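This briefing covers one protein chain, taken by topic. The structure comes first, and the notes follow.

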Amino acid sequence: MTLPFRARRHAQRGALSFASLSLALAAAWPGPAAAVPAPAYGADQLSTLVNAYRMAPGSCMGRAADPVEALAPHPALARVRIGPATFIETALERAGYAAERADSISVTGPDTPAEAMAVLQQKYCKTLLDTRFSAVGTYRSGNEWTVILARPAPPLPSETFPDWNEAGKAILAGVNAARASARTCGSEHFAPAPPVIWNPRLGEAALAHSRDMATRRYFSHRAKDGSQPADRAARAGYAWQRVGENIAFGQSSPEEAVAGWLDSPGHCANIMNPSFTEMGAAYGIVAEKRSGVVYWTQVFGRPR
């Protein structure tokens, strides 16, 4: 049966990449999160229906499906609001939820939770039955119904987190290991690239932005003072011909941050870009040291 409703999905990106810059600065920035509407009837019931389906799915995509564990409702996930131009990790951060994995599925048109669930089950049964998720939150805005599925980020290591220089150079090592071999980033193929070298000024620019994001609790290439990656590199004393930036949120080690960037076409393209010759990287931790709340910044450059 074809249902006359519109469905959409937002998978977690895990990070944001800032495209390479020459003298002209241009990028498409995510818009502000949609305003949080008043609670709407039926949102809680949708969470209940999601778990009922997980515990007794019957079938998925025309095939028999095994039951899976129910998801734990989480109030922070119910506060997440995802607008048309909002990254899911940004929305999760604003709601105060650090996720290792997250996905958002929505349907527009149904009037009741049961109707919404029927469409979501038809379109996204594999996502609804994914055992990698452990938490759920749902909300309704008008006739749009949204389900947020997530797994929280693991706790930070109990031992002292490495010095930012040490962590930055671990990222450098991971980047150069990746650049040593040919790689496909999305649909773009890259030949092996020469290694980049550590630049302390770029490291300072990365540190400043990571700490600023952690202190002021936001996730964006555009800082709260309005500065862009190239501005921050120049502020740190780097005379640039070209600048690129990757940022990430929630990873608990340099290796995880690099793996996440390599998994994403835009970040991977920055890493493999042969026009970059230098790099700096650092992290910032939220003062409350809540589970998984680490911000990573990687700045690439080519000097004048």
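The model is predicted. The chain has nine helices and 14 strands, and 51% of its 304 residues are buried.

**Salt bridges**
- R132 and D130 pair through their side chains, with an N to O distance of 2.8 Å.
- R132 counts as partly exposed because its relative accessibility is 43%, whereas D130, at 15%, counts as buried.
- D212 and R216 form another salt bridge, their closest N and O atoms lying 3.7 Å apart.
- These two residues, D212 and R216, sit four residues apart in helix α6, so about one helical turn separates them.
- R216 is partly exposed, at a relative accessible area of 44%.
- R232 and E245 meet in a salt bridge at 3.1 Å, N to O.
- Since R232 belongs to helix α7 and E245 to strand β12, this pair ties together parts 13 residues apart in sequence.
- R232 and E245 are both buried.

**Nonpolar cores**
- The largest nonpolar core has 36 residues, of which I171, V175, W261, I271, M279, Y283 and W296 touch the most other members.
- Elements that each supply at least two residues of this core include α5 (164-179), α6 (200-216), β12 (240-249) and β14 (294-303).
- Helix α5 gives the most to this core, with six residues.
- Beyond its neighbours within four places in sequence, M279 has contacts that include G168, I171, L172 and V175, as well as W198, L202 and F300.
- A second, separate core of 22 residues includes C60, A65, V68 and Y124.

**Helix α1**
- Helix α1 (residues 43-55) has 13 residues and should span 18 Å at 1.5 Å a residue; its end C-alpha atoms are 19 Å apart, which agrees.
- The buried residues of α1 are A43, L46, S47, V50, N51, Y53 and R54.
- Viewed down the axis of α1, these buried residues fall within an arc of 160°, so they line one face of the helix.
- Exposed D44 and T48 are carried on the face of α1 turned away from its buried side.
- Cover for the buried residues of α1 includes β3 (59-60), α4 (113-128), β7 (135-141) and β8 (144-152).

**Chain totals**
- Among contacts between residues at least 6 apart in sequence, 75% join residues at least 24 apart.
- The accessible surface of the chain is about 13,900 Å², and carbon and sulfur atoms account for 53% of that surface.

Notes. Residues numbered from 1 in each chain as written. Predicted model: local features only at pLDDT ≥ 70, side-chain atom pairs only at ≥ 80, totals over all residues. Heavy atoms only, no water. Buried < 20%, exposed > 50% of the residue type's maximum accessible area, 1.4 Å probe, protein only. Contact = heavy atoms within 4.5 Å. Areas by Shrake-Rupley, 256 points an atom, 1.4 Å probe, with all protein chains shown as cover. Core = buried A, V, L, I, M, F, W, Y, C linked by side-chain atoms within 4.5 Å. Expected span 1.5 Å × (residues − 1). Arc of directions from axis to C-beta. Salt bridge = Lys/Arg side-chain N within 4 Å of Asp/Glu carboxyl O.
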